[in-house]
Amino acid sequence: MNIITQETPTAIEKNEQKKKKRLLVLVLLLLALVAIGWYWYTNNQPTQILSDGFPEIKNAEKMTGEQLKKYANQAVDESNVTINVYPEVNINADGKTGNIWIQNLPTNRYGQQAILSVKDSQEKLYETGLLEPGYEVTELTLTKNLSSGEHPGVVELEFYDLDNKKLMGKTTVDVMIHVNE
């Protein structure tokens, strides 16, 4: 004679409920780990990976401590941009490498990109990449060799909102490109 008691189905149901609770806890733990991993991954990407159309950081150097101290007590002006571009570019006898002086002052709110071109042809010779406030470029390598002598040039400055990664405006500065013999 088989006697089935009430305890047997209840024990099985309890085991099933325990299994379901364990599975639910494991799924929630897995989701939490995935969320933490995604958050860590998205917040630890290098600053060079920027949205399309936004210049990449490539040639900039941090301004020296002395240069930064000069601007430390000045407040950032939300509506103005101060540009520092030396109006002469010196190219070595190789016709390709040399010096340029462009600073994005720490008192600026916007990032900058400078593009050096031959004035008459607008042929692009050099691009700084993004200069965040407090960064400068002093050395360059041109995309093509220039013959010795003086060449009128222009530096086009593009200003980018660093928060929204959008172009905010442009201006130009005339420069003289000196190529040594």
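The following questions and answers cover a helix and some paired strands in a predicted model.

Residues are numbered from 1 along each chain as its sequence is written. In this predicted model local features need pLDDT of at least 70 and side-chain atom pairs pLDDT 80 or more, while totals for chains, interfaces and linings use all residues; side-chain values use heavy atoms, without hydrogens and water.

Reader: Is L31 buried or exposed?
Author: L31 lies in helix α1, residues 7–43; helices (H or I, at least four residues) and strands (E, at least two) are DSSP runs, numbered from the N terminus. Buried means under 20% relative accessible area, exposed over 50%, and partly exposed in between (1.4 Å probe, protein chains only). Because its relative accessibility is 54%, L31 counts as exposed.

Reader: How far apart do the end C-alpha atoms of residues 23–41 lie?
Author: The unreviewed UniProt entry annotates residues 23–41 as "transmembrane region"; UniProt positions follow the numbering used here, feature names are shortened, and annotations may be inferred rather than shown by experiment. The span is 100% helix and 0% strand. Its end C-alpha atoms are separated by 27 Å.

Reader: How many bridges join β8 to strand β9?
Author: Two strands pair if DSSP finds at least two bridges between them. Strand β9 covers residues 166–179 and runs antiparallel to β8, with D161 opposite K166 in β9. The number of bridges joining β8 to β9 is 13.

Reader: Which residue in β8 is the bridge partner of L116?
Author: Strand β5 (residues 111–118) and strand β8 (residues 149–161) run antiparallel and are joined by eight bridges. In β8, L116 has as its bridge partner V155.
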